Amino acid sequence: MLKETPPSESLPTRYELLVESISDYAIYMLDTEGRVSSWNTGAQRFKGYQAQEVLGEHFSKFYTPEDREGGLPARALATALREGRYESEGWRVRKDGSRFWASVVIDPVYTPRGEHVGFAKITRDITERKEAQEALRLSEQRFRLLVQGVTDYALYMLSPEGLISNWNLGAERIKGFSQDEVLNTHFRRFFTPEDQRAGVPERALATAAREGRYESEGWRVRKDGTRFWAHAVLDAIYDEQGTLIGFAKITRDNTERRKTAESLEQARAALFQAQKMEAIGQLTGGVAHDFNNLLAVVSSGIDILNTMQLSGPGARVLDGMRRAVDRGALLTQQLLSFARQQPLAPAVHQLNTLIAGFEAVLRRAAGPQVRFELNLGPQLALVSVDEARFEAALLNLVVNARDAMPEGGSLTVETRNVSLAENEVGTLPAAAYVKVTVRDTGTGMSQATRLRAFEPFFTTKEPGKGTGLGLSQVYGFIVQSGGDVAIDTEVGFGTSIRLYLPALPEGAEVQPSSNDKPREERALVVEDDQLVLEAASELFQAMGYTVLSARDGAEALRLLQREPDIDVLFSDVMMPNGMSGLELAHAVRERYPAVKIILASGDPLPALKSEQQDLSEFAFVSKPYRLADVARHLRT
């Protein structure tokens, strides 16, 4: 009969067998001084020592030299004794000198009576886990460096709600915000106000969450309020369980690429328009030449018939035929002008001078219902142009502008020096140009009309009120002169027609204008009444002056800034828009003391004096005045 072993005797043996059989953990005992008092299979496998090699040895032999020098083993035992437990990770040393990364737990051991008898030490080799964590850390670090190193793209993460959770240098460069300024703010802040009101940011998140990706292009807003054209991609990010944890956002600034594409499209459109107009011009020129030949035959036949001295109905028929031939000849000249086959007589001119000398004609053409203003740029470059044809083109544009304002309006002729990039206007090369703009506040044109405006015989006027050759002649003349014409227009908001002529290099000399007067003196007539202005201008022209005109004092001073070589100022005393003729006279006397000043008024001089207007220092004539009255003051 076997004797049953008491439980108190069997338990330690079973526990020892359990500990001894564990090979994944080093489990051993230390005495109160830290010397090894037991050793299991796991300890032997991890550290490489047999039990007889370590029993009685201090456990610090498993630590690295630097940890032993730093007193780490002693601190570990003290911490376990003081706090009841010590846990850490660190490098440990095997028998062969190699190192492994260990997870260590030290617990103090007490008897049932509370007497401290040593420590229980459990060590696990977690080198593989440590290496995996380190590899992951290095991978994440490299990824962060990669993301932060990208400056051409804005790369950042969003929470499922659209809050920004990180930010790279590219995002800071493109959008202008630092990381501290945007973290935990909603990414809608980068959208335009109109897109925000339309719900575009929320729709982008919803689409990316539903379909996994959202891609778009549109305007975005920088920190300083400027806008850029962005190409944006939003990708949904899911965890291993398929739960949405956020979004990856990639944005690129495509503003320059968009501008390039637009410029290319404009260049293509301009080339197409130029080729179309060239083809029409060649066809028109051929027809005009053939038509001219036919007219020559008819004209010669009429001349021969005229030698027969017909009378009565026959003479009237010949006279009608002659007028028809003359009109046909004029028509062919207009067609040849559009086709750029009209002979030109170019000369070096300053366009401000040409326009100022032609101003009275332009004002009369604009009519009394239109407020006409010159805005001539300072130090305008010289151009090579046919003077007579330039004046005809400008007059044509002024008449067209007047016809577009049947109820009246404003018409401005403006000159400026400009520098154009290649294909910025039509197919013109990059260079310096002189721009002449004729701007009105009339009915404007539709885009379809604008595209056909230069075609011969195309007109929007009523039958009998236009030939459709006005703008085509302007276009043909300017292109033949090396320039181009552009139209800015909108229905209901008026039209601006811009003429570009190549600027000549410095050193060119102006050639005399056919409009130059025998005497060099110039008069500036300032009068708000159009009829009186025209009469006064004609009076000074009759005396041999070149006449410039203005409708009020402010316009007169601006004109004097551009054209300081004025000899005579002739102004009405009572003027609109705040500045009186007397105030103008004082301003001119102060700035241009060499200018002769004559004031005129419908009120007699005593009445003006009673209104405390001292005109004594200026010459004065009463309306209605005669040429002799003005001439007398000019002589004195």
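Colleague: Before we start, what should I keep in mind about the model and its numbering?

Modeller: Residues are numbered from 1 along each chain as its sequence is written, and side-chain values use heavy atoms, with hydrogens and water left out. The model is predicted, so local features need pLDDT of at least 70 and side-chain atom pairs count only at pLDDT 80 or more, while totals for chains, interfaces and linings use all residues.

Colleague: How many helices and strands does the protein chain have?

Modeller: Helices (H or I, at least four residues) and strands (E, at least two) are DSSP runs, numbered from the N terminus. Here the protein chain has 22 helices and 20 strands.

Colleague: And what share of the residues counts as buried?

Modeller: Buried means under 20% relative accessible area, exposed over 50%, and partly exposed in between, with a 1.4 Å probe and protein chains only. In this chain of 636 residues, 42% count as buried.

Colleague: How do I read the packing of H14 on H15, and at what angle do their axes cross?

Modeller: Two packed helices are described by the angle between their axes and the distance between the axes. Axes are lines fitted to C-alpha atoms, for helices over the stretch in contact, and angles run from 0 to 180 degrees between N-to-C directions. The axes of H14 and H15 come within 9 Å and cross at roughly 25 degrees. That makes H14 roughly parallel to H15; angles under 35 degrees count as roughly parallel, over 145 as roughly antiparallel, 65 to 115 as roughly perpendicular and the rest as oblique.

Colleague: Which residues make that contact?

Modeller: H14 contributes Val361, Leu362, Ala365 and Ala366, and H15 contributes Leu394, Leu395, Val398, Val399 and Arg402. By class, the contact has eight nonpolar, no polar and one charged residues. In this scheme Ala, Val, Leu, Ile, Met, Phe, Trp, Tyr, Cys and Pro count as nonpolar, Asp, Glu, Lys and Arg as charged, and the others, Gly among them, as polar.

Colleague: Is H14 roughly parallel or roughly antiparallel to H18?

Modeller: The axes of H14 and H18 come within 11 Å and cross at roughly 155 degrees. That makes H14 roughly antiparallel to H18. Ala360, Arg363 and Arg364 of H14 meet Gln530, Leu533, Glu534, Glu538 and Gln541 of H18. Those residues divide into two nonpolar, two polar and four charged.

Colleague: What about H19 and H20: at what angle do they pack?

Modeller: H19 and H20 (residues 581-591) pack at an angle of about 15 degrees, with their axes 10 Å apart. That makes H19 roughly parallel to H20. Gly553, Ala556, Leu557 and Leu560 in H19 meet Leu584, Ala587, Val588 and Arg591 in H20, and by class this contact has six nonpolar, one polar and one charged residues.

Colleague: Now the backbone. Which residues other than glycine have a positive phi?

Modeller: Among them are Asn184, with a phi of about 65 degrees, and Gln379, with a phi near 50 degrees. Asn184 is in the loop between helix H8 (179-182) and helix H9 (193-197), and it is exposed, with a relative accessible area of 61%. Gln379 is found in the loop between E10 and strand E11 (383-385) and is exposed too, at 76%.

Colleague: Last one: is Asp484 buried or exposed?

Modeller: At 11% relative accessibility, Asp484 counts as buried. Asp484 is in strand E14 (residues 484-489). Not counting residues up to four places away in sequence, Asp484 touches residues including Val425, Thr427, Tyr475, Arg498 and Tyr500.

Key: Contact = heavy atoms within 4.5 Å.
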